[in-house]
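Hi,

Here is the structure I promised to pass on to you. Have a look at it first, then read my notes below.

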Amino acid sequence: MHNIWYKKSAQNWREALPIGNGFTGVMVYGSSKKERLCFNDGELWSGYPKNYNAADSFDNLEKVRKLIFEGRNSEADALCEDKLKGFYSETFLPLGDVLFDFSKTDRNIIARSLDLSTGIHTVKSNGFKSEIFSSNPDKVTVYRIKADKRFSVKMKAKSKLHHSVRTDGGCLMLYGNAPDYAAPNYLRTELFPIKYNEKKGMAFCLCAQIFTDGMLISRKHSLKIAGASEVTVYFATATGFNGFDKMPCTDTNAVIKKCRLHLNRVEKSYDVLKKRHIDDFSRLYNQQSISFHKDEDISTEELLNAVKKGADEKAFCELLYNYGKYMIVSGSRKGGQPLNLQGIWNHAVRPPWSSNYTVNINTQMNYWGASRAGLSECIEPFLQMVYETLQNGRKTAEINYGCRGFACNHNVDIWRKTPPVQGDANYMFAPLCGVWLANEIFAHYKNGFLNDYTDKVKEIVTESAKFANDYLILHNGQYVVCPSASPENVFVNNGKRCKLDYASAFDMGLVKQAFKNAVEISDDVNLKNEIAEKLPKLYPFRQGENGICEWHKNYDTPEKGHRHFSPLYAFYPADIIGYYADREKTEWIQQLFHYRTDHSNQYIGWSAAWAICIAARLREGETLQKIIRSMLNHSVFKNLFCVHPPFYFQIDGNLGFVAGINEMLLTEECETVELLPALPENFAQSGAVKDMVVNGVKISFEWKNGAVVTIHADKSVKILAKHISDNALIDNTVEIVPSLSE
């Protein structure tokens, strides 16, 4: 299923549908009466480069460690939150809205739809049709309206930022400046959360150029088109962003000039632009596909409601999977910014968690499914962000922690902020988040098609391993991470709720994966020797009361169903603990996973998506299906955006779902692929996968009644014999492996 459609226009932003070209994002309400287009530019953020590194952090690091080793964890928390803190990240901002007020058009729409395979949004009513798309090849958004009878339309623009609007002939311009600072939405007591007083906020501009067979009437702040049967509007956006380490341009005239110059150069043939857009978009989107052989000829809202009432979820899962792929193609393209908490679609000046790059899970999850879904080209912005973060993170590693390599804490922004923020130590203090980013980059590199970036990948992996190596501390004959959190969770020690300990399963998993990656790819011989010396002495994973031990020893945890699955990192998304290779530790993983999910009553999109991924790798189809059904019932808005309570949109749930379905259909261990490892019973009847990518190999297969009946691979690959029919048609590139040794 590749089409999302509704019988009525969106009534609010969370019902609108997204389009994008990796640089500009637009939310489309879909109306023939009052259309609203909400624009974002991926480079429009508050602030400018700022230095929050602090030698005071390093001066107090050993004091925090000493308190933790003495069992005085709550005192360590307090000292960390006082002396090892930094300041908040900057904010991804909305650019503005363009509003169309139609007259003499049929106002009862037949349907608004989004073709996921082409990136074309369409609105139809009797005698009226509009189309809109956002082109990556031409870096413009194009909106065309055609009607059987002549109509009129008023067009105006507005922004929630400091702005002005003016017209110039057939062009409408919205322009202004971003704030110097926009406080996170969770700071409820800020007296002045939005600040423009320094006048250092980047300039921005949206230009709209109109072509019509009607009469174009320019007013000071708006345009009117009368007596038209066709209107085509070309939109371009621009900002004063000059790079992560440079001050932005604040001159609106310069940015207006840049925006108009680009718009003037664009081909003005609608058909030519549309064809170029579809060729580009569809090429990426169609490089890989899945099918559960279950189509439904009802609206998306009806389909979602049916699933909530207990209908079979296969068709909706296929649609939601394709929607996630669509978002990656629309939101993450070479040369642009990577997908943040909301991709490139945000309507709030103080969006949830600043709509930043939250790198203690969310940013990584955005890309988990990309390379396996054939979208390695879309990973370049993520790789470039990590490489730029490395540049700033070297300073943080040295100044804040006295280490080589690069450090990055849990919030990054367009200025590649790497020191901590302020707040609770269990999320604020997370210097190994840079290691996690590096581990993800290497995972995508190994999966194939990032060979053009080998040198950058080597540097990222090497520098992250250097930091992990230096940050370790010898305690009782074993190397541990200290201070060490298990993201956003707490434990009880000496009757007090505590946040920091040492050797959390999460942090030790990060280090072990970083060392494994560096041994495989790094050219730094000295580093490899240091790793070889430390590896046997790394603090081991241990069994706790409820499964794998979350911290260095078993503590009581007040929140039994905690939303983060960080202690399971070494199992998924990492490959330190193998399902077949490490059966004992896998049982620990399984135990804690069920402890969390059995006690959870939260309906958070990204947490559900992470749980789907883990259930799939655990080969638990029934558990996976239960989580999917819960997610579809509670964690999806009408426009299929995933929900973070109370009513926020976060894209990680959508994109993590792609990774979960990938893992349900195909997993890999020790360079051996297993097909259909966690297929729920109602998915077993039939289905197909085309060109899913694993370690650079494109694998296609079909199944019937739970057994694989055809397998095609474009290169040599080992595939486990499980779930394969005795009569399957198999390419000679495929080696069937009877089993993996435990």
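How much space lies in the largest pocket? About 870 Å³. Before I go on, some ground rules: this is a predicted model, so to speak of local features we ask for pLDDT of at least 70, and side-chain atom pairs count only at pLDDT 80 or more, while totals for chains, interfaces and linings use all residues. Residues are numbered from 1 along each chain as its sequence is written, and side-chain values use heavy atoms, with hydrogens and water left out.

**The pocket**

A word on terms. On a 1 Å grid over the protein atoms alone, a pocket is an open set of points with protein on both sides within 12 Å along at least five of seven lines, and lining residues have an atom within 4 Å of a point. A cavity, by contrast, is a set of points where a 1.4 Å probe fits but cannot get out. Grid points are joined across faces, edges and corners, and the volume is the space filled by probe spheres set on the points.

The largest pocket is lined by 39 residues, and the closest to its centre are Ala443, Pro573, Asp575, Arg617 and Glu668. Two or more lining residues come from each of helix H7 (362–368), helix H10 (433–447), helix H12 (505–521), helix H17 (651–665) and strand S28 (666–669). H10 gives the most, with seven residues. (Helices, H or I with at least four residues, and strands, E with at least two, are DSSP runs numbered from the N terminus.)

What kinds of residue make up this lining? There are 15 nonpolar, 11 polar and 13 charged ones. Here Ala, Val, Leu, Ile, Met, Phe, Trp, Tyr, Cys and Pro count as nonpolar, Asp, Glu, Lys and Arg as charged, and the others, Gly among them, as polar.

**The chain as a whole**

The protein chain has 17 helices and 35 strands. Its C-alpha atoms fill a box of roughly 80 × 70 × 45 Å along the principal axes.

Of the 742 residues, 64% are buried. Buried means under 20% relative accessible area, exposed means over 50%, and partly exposed is in between (1.4 Å probe, protein chains only). The chain exposes about 26,500 Å², with carbon and sulfur atoms supplying 46% of it; such areas come from the Shrake-Rupley method with a 1.4 Å probe, and for residues only the protein chains shown count as cover.

Now contacts, meaning heavy atoms within 4.5 Å. Among contacts with a separation of 6 or more, 71% are between residues 24 or more positions apart.

Start with Arg416, in the loop between strand S19 (411–412) and helix H9 (425–428). Is Arg416 buried or exposed? Arg416 counts as buried because its relative accessibility is 2%. Beyond its neighbours within four places in sequence, Arg416 is in contact with Phe244, Gln337, Pro338, Tyr357, Met385, Glu388, Thr389 and Asn392.

Ala147 sits in strand S9 (residues 140–158) and is buried too, at 14% relative accessible area. Leaving out residues up to four places away in sequence, Ala147 touches Gly127, Phe128 and Ser229. From Ala147 to Ile724 it is 577 residues along the chain, and their C-alpha atoms are separated by 54 Å.

Asp714 belongs to the loop between strand S32 (707–713) and strand S33 (717–720). With a relative accessible area of 39%, Asp714 is partly exposed. Val697 and Lys698 touch Asp714, again not counting residues up to four places away.

Where are the cis peptide bonds I noted?

- Cys482 to Pro483 is cis, with omega near -5 degrees; Pro483 is in the loop between strand S21 (478–480) and strand S22 (491–493).
- Pro645 and Pro646 are joined by a cis bond with omega about 5 degrees; Pro646 is in the loop between strand S26 (643–644) and strand S27 (648–649).

His293 has a positive phi, near 55 degrees, and is not glycine. His293 is partly exposed, at 45% relative accessible area. Asn476, also not glycine, has phi near 55 degrees, and counts as exposed because its relative accessibility is 69%.

Cheers
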